[in-house]
Amino acid sequence: MSKPKNQMRYLNVNRYLLNKHPLISENPKELEDKVKKILDQKISGLSFSPYLEGQDPSVKSLISHQQIADRLEIIRPYTKWIRTFSTTNGNEEVPRIAHEKSLKTLVGAWLDSDLENNEIEINNIIEIAKAGHADMVAIGNEVLLREDFEVEQLIEYIRRVKQAVPHVPVGYVDAYYMFVNYPEIVDECDVLFANCYPFWEHCALEISVEYMKKMYELVSKNAKGKQVVISETGWPTKGETYGAAQPSYENAMRYFIHTFEWANKENIQLFYFSSFDEVWKINHEGEYGAYWGLWDKDGKFKFGK
């Protein structure tokens with residue numbers, strides 16, 4: 001099966017017609033109080049990274065039980081779910097430890113062009129799900145976006161896992177528009193995990209959440225009645241201006257507040273990106289990559305005391 005022609009890459013909406021959010025506050029303390037109030041009521045989900053400074057998943061750094069437990073304990077009071085990204089190099093222990101802390105788990109298998117490692121990831125995620133530590137399963141993260149392999153191979157992985165663990169909802173994570181480009185993936189999934197980042201589409205903060213709503217609506221319209229989960233969205237606290245998108249301490253708080261006001265009102269399951277700042281991402285995404293966390297690299301809450 002060849003790739004579809006005229007692939008959609010970004011949302012086709014007139015940004016000038018989107019409703020602008022009024023500026024919540026110029027006062028950082030007021031913003032901090034709103035963020036903390038939302039977190040105290042527990043958000044639906046958080047992307048979880050246990051990596052510490054000096055560790056990097058791209059060089060297969062091993063993570064310990066202790067650092068997993070320590071990092072989970074920091075975020076445990078503030079979220080109902082966590083999302084993981086891999087089942088190797090120690091990550092396979094995260095779902096069990098999370099369940100011990102009464103957190104629900106969206107467990108991810110990391111797939112890429114390393115087919116040998118893919119087998120380990122797939123076998124491990126099946127074992128995790130069979131052991132009862134996966135509430136949902138995600139097979140791959142932006143594999144089609146990166147063009148790591150063809151869609152047929154991805155479908156084969158999804159089918160293998162679904163057959164092995166029919167009692168657990170199985171889906172795939174990618175940029176929202178990829179579910180329009182690849183309707184055959186929609187057919188295979190029990191649930192669709194859509195990454196929705198207005199920031200990476202140069203959106204001004206004022207229209208960012210309205211824009212994200214359109215991303216979500218597009219996936220829902222093409223979901224054939226299946227559940228759509230926003231598997232990632234967020235806003236960095238540092239970095240250069242990216243088109244009309246401006247990273248800043250205050251804008252990150254405003255985006256978080258607007259996002260959960262909408263998601264909570266509409267009862268949309270959403271995993272915020274991310275739990276902790278990740279130093280290793282500087283080498284892959286530049287300065288932006290390291291500052292998406294609600295907590296800093298040392299586990300200190302970034303938005304007030």
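This is a predicted model: local features need pLDDT of at least 70, side-chain atom pairs count only at pLDDT 80 or more; totals for chains, interfaces and linings use all residues.
Residues are numbered from 1 along each chain as its sequence is written, and side-chain values use heavy atoms, with hydrogens and water left out.

Staying on Asn91, you will find its place in the loop between β2 (79-83) and α3 (94-100); helices (H or I, at least four residues) and strands (E, at least two) are DSSP runs, numbered from the N terminus. Asn91 is buried, with a relative accessible area of 6%, where buried means under 20% relative accessible area, exposed over 50% and partly exposed in between, with a 1.4 Å probe and protein chains only. A polar atom of the Asn91 side chain lies 2.9 Å from the backbone oxygen of Thr88.

Next, select the strands, where a closed barrel of eight runs β1-β2-β3-β4-β5-β6-β7-β8 with parallel pairing (two strands pair if DSSP finds at least two bridges between them). Neighbouring strands of this sheet are turned by 25 degrees against each other on average, direction ignored.

Then move to helix α9 (residues 205-221) and α10, whose axes come within 10 Å and cross at roughly 40 degrees; axes are lines fitted to C-alpha atoms, for helices over the stretch in contact, and angles run from 0 to 180 degrees between N-to-C directions. That makes α9 oblique to α10, since angles under 35 degrees count as roughly parallel, over 145 as roughly antiparallel, 65 to 115 as roughly perpendicular and the rest as oblique. Among the residues making the contact are Val209 and Met212 of α9, and Tyr255 and Thr259 of α10.

Finish on Thr259, which sits in helix α10 (residues 249-266) and is buried, with a relative accessible area of 0%. The Thr259 side chain reaches the backbone oxygen of Tyr255 at 2.7 Å. Leaving aside neighbours within four places in sequence, Thr259 is in contact with Val209, Met212, Thr233 and Leu270.

Definitions and conventions. A polar contact is a pair of N or O atoms within 3.5 Å; within protein, one must be able to donate a hydrogen and the other to accept it, and residues adjacent in sequence count only if both atoms are side-chain atoms. Contact means heavy atoms within 4.5 Å.
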